[in-house]
Amino acid sequence: MDRFPGELVSEPEGRSDAVLKSSLVGWGAAMAGCVVWGSARAARALLDRHRMRQWALEWERAGTRRGGATA
């Protein structure tokens with residue numbers, strides 16, 4: 001919003017208000033980062049679990065095609 005010459009503005013916020021607001025913004029950013037990191041770890045765990053299940057099925061199929069289970 002443009003200010004006109006001579007228009008009164010509100011007083012700047014005090015130090016404690018500024019510290020509180022910046023702390024809350026910092027904590028919010030840290031929490032958002034933790035959510036993103038945690039989501040990526042959970043997705044990776046699910047994908048690894050699926051991959052290991054597929055790998056086990058392939059080994060099972062390979063072992064039965066040759067006439068027996070592998071050691």
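Predicted model: local features only at pLDDT ≥ 70, side-chain atom pairs only at ≥ 80, totals over all residues.
Residues are numbered from 1 along each chain as its sequence is written. Local features need pLDDT of at least 70, side-chain atom pairs count only at pLDDT 80 or more, while totals for chains, interfaces and linings use all residues, and side-chain values use heavy atoms, with hydrogens and water left out.

User: How many helices does the chain have?
Analyst: Helices (H or I, at least four residues) and strands (E, at least two) are DSSP runs, numbered from the N terminus. The chain has 0 strands, and its helix count is 1.

User: What is the angle between the planes of Trp 55 and Trp 59?
Analyst: Rings of Phe, Tyr and Trp (its six-membered ring) pair if their centres lie within 6.5 Å; planes under 30 degrees apart count as stacked, over 60 as edge-to-face and the rest as tilted. Trp 55 and Trp 59 are 4 residues apart in helix α1 (residues 15-65), so about one helical turn separates them. Their pair is edge-to-face, with 6.0 Å centre to centre and a plane angle of 75°.

User: Which residues are linked with Asp 48 in a network of salt bridges?
Analyst: A salt bridge needs a side-chain nitrogen of Lys or Arg within 4 Å of a carboxyl oxygen of Asp or Glu. Asp 48 meets Arg 44 at 3.8 Å, N to O, and Arg 51 at 3.2 Å between the closest N and O atoms. The network with Asp 48 therefore links Arg 44 and Arg 51.

User: Is Arg 44 buried or exposed?
Analyst: Buried means under 20% relative accessible area, exposed over 50%, partly exposed in between (1.4 Å probe, protein chains only). Arg 44 has 52% relative accessibility, so Arg 44 counts as exposed.
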